[in-house]
Amino acid sequence: VPEHVWRINLDVPEEAQQNLSFGAADRWWEQTDLTKLILASNKLQSLSEDVQLLPALTMLDVHDNQLTSLPSALGQLENLQKLDVSHNKLRSLPEELLQLPRLRSLLVQHNELSLLPERLGQLLTLEELDVSSNQLTAIPTSCALLVNLVRLNLACNQLKELPADLSAMKSLRLLDCTKNYLETVPSKLATMASLEQLYLRKNKLRSLPEFPSCKLLKELHAGENQIEILNAENLKQLSSLCVLELRDNKIKAVPEEITVLQKLERLDLANNDISRLPYTLGNLPQLKFLALEGNPLRTIRRDLLQKGTQELLKYLRSKIQDDGPGPNEEAPVPAMTLPSQSMVNTHAITTLKLLEYSDKQAAEIPAAVFDAVGTNPVATVNFSKNQLREIPPRLVELKDSVCDVSLGFNKISSVSSELCLLHKLTHLDLRNNVLTALPEGMEALKRLHTINLAFNRFKVFPSVLYHLPALETILLSNNQVGSIDPVQLKEMDKLGTLDLQNNDLLQVPPELGNCENLRSLLLEGNPFRTPRAAILAKGTAAVLEYLRSRIPT
């Protein structure tokens, strides 16, 4: 870290050495002390003890570096509220850290910690603690003192047990213990009255824990364990439960008492040993998603399972006999079909015109997803958060109806000609990919008015964008764009928002000031010297006016 960063509150800036007349915006002597310092995603191997020269810091973010230790001087940052040291190589945390009187968020996930400071419980103001993906075998008992803690993430460690004293965390709403070696959960944890979400996936549990006092528990995730029996008594206590996830266990039977879970919306029992279901399951009024594939069910034909939740519930209700008046006829809403792996929400296709297959980490979109569309018109496609390396060729099948396509958070390196055929497209989201260019064929997208290309690898402003007359919004932040053409931008009379933050613009052409239709021009985080930060802070109108004043006459 450059020396002057630590001394930023102390040293007089260079311009003060020169004999200049200062406008109100440049009065450096009125500057306040630094409160936020972000040094994330660099190659830092150590942090200087000089961090103590920044006593006003409320947030310090050094995640994703190569730190093996932290300076003891951190303990002197008494205004610090958030400390993110995740994704480093830390083997221990300094004791001095425990002196921070205002710390609310401590993020140390993805390090090499095998133990936590014994007196961690001294951080009484802590509201969020993430120690996931380390090598912890135990949690200090003093953690019971963290009565203001709301979120605690212990996932992906080597814990064989949880201290019963955790039950003293009266404010805790989320507890994540995924992927440890837990065989039981202490019964005292059942007194955690504020707990809303509990993750126990990928452990070694043989039975579902009891939760007599967890009246607010909304989500219980206990998949991939060795649970054999669902105890009816345990279920009765979970009156607020909306999500119960028990896939990949060894459950043989589902008790009739499951119907006490009147608020249940998602029930995942896939890949167990269940041979029959209580028909009363069909009476759960809120149930929108029921996964049963991978069970040796004898009473339900496989083709019925393929038809999705609503058909299944209807079948179960039809089998209830001699139960007095029939169940209330209001069928719960969204239906889901489960063709093998792919989950296509056919209800969303027919009623919302939405085709969604997102957050699946899939390398390609299964054919079943497109097959499910049939003749239905689809307006919105969401394939974001996968591992796609190209734009799915079958998108072209939707060209007569689709107007909004999301392909963000994938690994797409080029835009194919198929996309250029979606002539009704108005919104296109390609953020967080690895694009370096756009094809000229995109000129055909005459209706496109919003395009999101943030977090890609563009080194030049894609020239085809200048030829899309309907464009109202261009989001190009966090690329490596080095220049823009103000003359062509001025021709784009619909353009209202242009986001070029965090690029490599070495200068801003004064003629950009003539683009008077721009309502939002974002330029922060570029290496140009003018306009100065003080001008940028005044907003778009002031920036455009400043640029116009610089146009040579």
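Q: Buried means under 20% relative accessible area, exposed over 50%, and partly exposed in between (1.4 Å probe, protein chains only); what is the relative accessible area of Cys 403?
A: This is a predicted model, in which local features need pLDDT of at least 70 and side-chain atom pairs count only at pLDDT 80 or more, whereas totals for chains, interfaces and linings use all residues. Residues are numbered from 1 along each chain as its sequence is written, and side-chain values use heavy atoms, with hydrogens and water left out. Cys 403 is partly exposed, because its relative accessible area is 25%.

Q: Which cysteine holds the sulfur nearest to that of Cys 403?
A: The structure holds zero disulfides, a disulfide being a pair of cysteine sulfur atoms within 2.5 Å. Cys 156 is in no disulfide, and the nearest cysteine sulfur, at 11 Å, is that of Cys 177. Cys 403 is likewise in no disulfide, and 17 Å away is its nearest cysteine sulfur, that of Cys 420.

Q: Is Ser 275 buried or exposed?
A: Ser 275 is found in the loop between strand E11 (266-268) and strand E12 (289-291), where helices (H or I, at least four residues) and strands (E, at least two) are DSSP runs, numbered from the N terminus. Contact means heavy atoms within 4.5 Å, and, not counting residues up to four places away in sequence, Ser 275 touches Lys 252, Pro 296, Leu 297, Arg 298 and Thr 299. With a relative accessibility of 18%, Ser 275 counts as buried.

Q: Which elements are included in what covers the buried residues of H4?
A: Helix H4 spans residues 309-319, and its buried residues are Thr 309, Gln 310, Leu 312, Leu 313, Tyr 315, Leu 316 and Arg 317. What covers these buried residues includes E12 and helix H3 (302-306).

Q: How far apart in sequence are the parts that Phe 370 and Phe 383 tie together?
A: The structure holds two aromatic pairs, where rings of Phe, Tyr and Trp (its six-membered ring) pair if their centres lie within 6.5 Å, and planes under 30 degrees apart count as stacked, over 60 as edge-to-face and the rest as tilted. The ring centres of Phe 370 and Phe 383 are 5.7 Å apart and their planes stand at 80°, so this pair is edge-to-face. Since Phe 370 lies in helix H6 (residues 367-371) and Phe 383 in the loop between strand E14 (380-382) and strand E15 (404-406), the pair ties together parts whose separation in sequence is 13 residues.

Q: What is the relative accessible area of Phe 383?
A: Phe 370 is buried, at a relative accessible area of 5%. Phe 383 is also buried, and its relative accessible area is 0%.

Q: What is the angle between the planes of Phe 461 and Tyr 466?
A: Phe 461 counts as buried at 6% relative accessibility, and Tyr 466 counts as buried at 11%. These two residues form a stacked aromatic pair, with 4.8 Å centre to centre and an angle between the planes of 25°.

Q: Over the face of which residue does Arg 266 lie?
A: A charge sits over a ring if NZ of Lys or CZ of Arg is within 6 Å of the ring centre and within 35 degrees of the ring normal. Lys 360 lies over the face of Tyr 357, at 5.2 Å from the ring centre. Arg 266, at 4.1 Å from the ring centre, lies over the face of Phe 289.
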